[in-house]
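Hi everyone, thanks for coming. Please have a look at the sequence and the structure on the screen, and then I'll walk you through a few places in it.

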Amino acid sequence: MLYHLKAFEAYQPQGTMEPYVRTIREEESITVHHPNLTPDIFDKYTAMKHIVEAQKAGITKVEWIHVSDDEDAATWEELEKACSNCNGCKLYSNRKNVVIGTGNKKASVMFIGEGPGADEDEQGIPFVGKAGKLMNQCLEGLGVKREEIYIANIVKCRPPGNRNPEPDEIAVCLSYLEAQIKLVGPEKIVLLGSVSLQNILGKEYAITKSRGKWIEKDGIQYMPTFHPAALLRDEHKKIDFWKDLKEVFKKS
Ligand code: URA
């Protein structure tokens with residue numbers, strides 16, 4: 001049974017959340033209305049905090065339902081503010097910086113990695129550590145300046161010990177990334193590694209099988225390839241990574 005939590009259409013003070021969580025606790029899934037009345041990332045962020053509470057209470061499925069045709073995309077300013085203030089998952093407690101993204105905000109090519117490591121957490125910029133330097137070399141070799149593309153990650157705060165981000169962390173952060181993709185409006189997106197691939201296109205995709213092949217979805221061309229950190233562990237993967245990026249930046 002689906003519940004329409006109209007309370008999420010607008011800002012709900014924390015204190016009024018309890019009855020809703022209690023009502024839906026027995027249900028299998030809920031449907032959350034997008035806060036379209038005030039198309040503002042703060043409301044969306046507040047709604048997300050409530051969703052996290054609902055998930056903690058055992059709700060397994062949460063859907064955003066767009067109940068309006070109005071364009072509800074956040075502005076960069078709203079998005080950056082919401083990300084910087086985010087405490088929607090446990091990763092916020094140990095972060096030094098929220099790593100939102102870097103590069104050309106109107107790029108035709110966007111890269112999506114997994115999540116910040118120690119160097120990225122320190123500097124607040126994605127892909128500035130060893131893996132990032134290797135990626136930069138590859139871009140330079142192809143005559144592409146890093147500033148021409150836009151780079152972001154599945155999660156914006158560093159998972160401890162560089163572990164993979166967990167589903168509840170990804171669930172919160174993906175709506176920021178979706179807003180970011182809308183704002184950049186890229187033609188092509190490079191998915192770096194399996195965490196990126198599976199959380200953007202679906203768990204049915206495996207990186208070894210999918211890499212190097214274009215996948216079209218909702219008007220965007222996706223190119224899955226290895227994560228640059230995988231190239232540091234296995235030199236042989238460098239050739240495929242190079243080929244995949246060459247394909248992305250091929251002049252048509
Ligand atoms: N690995 C990632 O997935 N992202 C970064 O920003 C750095 C390393």
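Let's start with a lysine and a tryptophan: Lys105 lies over the face of Trp76, at 4.8 Å from the ring centre. A charge sits over a ring here if NZ of Lys or CZ of Arg is within 6 Å of the ring centre and within 35 degrees of the ring normal. Another case is Lys237, whose charged end sits over the ring of Phe226, 5.2 Å from its centre.

Before we go on, a word on where this comes from. This is a predicted model, in which local features need pLDDT of at least 70 and side-chain atom pairs count only at pLDDT 80 or more, while totals for chains, interfaces and linings use all residues. Residues are numbered from 1 along each chain as its sequence is written, and side-chain values use heavy atoms, with hydrogens and water left out.

Now the overview. The protein has 10 helices and 9 strands; these are DSSP runs numbered from the N terminus, with helices being H or I of at least four residues and strands being E of at least two. Of the 252 residues, 49% are buried. Buried means under 20% relative accessible area, exposed means over 50%, and partly exposed is in between, with a 1.4 Å probe and protein chains only. If we take the contacts with a separation of 6 or more, 74% of them join residues 24 or more positions apart; a contact means heavy atoms within 4.5 Å.

Back to our tryptophan. Which residue forms an aromatic pair with Trp76? The partner is Tyr150, and the pair is tilted, with 5.6 Å centre to centre and 50° between the planes. For the term, rings of Phe, Tyr and Trp (its six-membered ring) pair if their centres lie within 6.5 Å; planes under 30 degrees apart count as stacked, over 60 as edge-to-face and the rest as tilted. Trp76 belongs to helix H3 (residues 76–84) and Tyr150 to strand S6, so the pair ties together parts that are 74 residues apart in sequence. Both Trp76 and Tyr150 are buried.

Let's look at H3 itself. Its buried residues are Trp76, Leu79, Ala82 and Cys83. They span an arc of only 135° around the axis, which puts them on the same side of H3; the arc is that of the directions from the helix axis to the C-beta atoms. Glu77 and Lys81 are exposed on the other side of H3.

Tyr150 takes us to the sheet. This is an open sheet of 6 strands in the order S4-S6-S5-S7-S9-S8, with mixed pairing; two strands pair if DSSP finds at least two bridges between them. Strand S4 (102–103) and strand S8 (215–217) are at the edges with a single partner strand each, so one side of each has no neighbour in the sheet.

How do the neighbours of S6 run, parallel or antiparallel? S5 pairs with S6 in the parallel sense over 4 bridges, and Met110 stands opposite Tyr150 in S6. S4 and S6 pair in the antiparallel sense over 2 bridges, where Thr102 has Ile151 of S6 as its bridge partner. In a regular strand the side chains alternate between the two faces of the sheet. S6 is covered on both faces: Tyr150 and Ala152 on one side, and Ile151 and Asn153 on the other, are all buried.

What packs against this sheet? One element that does is helix H5: its buried residues pack against S5, S6 and strand S7 (188–192), and also against helices H9 (228–233) and H10 (237–248). H5 covers residues 130–141, and its 12 residues reach 17 Å from first C-alpha to last, close to the 16 Å expected at 1.5 Å a residue; the expected span is 1.5 Å times one less than the number of residues. The buried residues of H5 are Ala131, Gly132, Leu134, Met135, Cys138 and Leu139. Their arc around the axis is only 160°, which puts them on the same side of H5. The face turned away from that side carries the exposed Lys130, Lys133, Gln137, Glu140 and Gly141. After H5 comes Gly143, with a positive phi near 75°.

One last stop, in a loop: Asp218, between S8 and strand S9 (220–225). Its phi is near 50°, a positive value in a residue other than glycine, and Asp218 counts as exposed at 70% relative accessibility.
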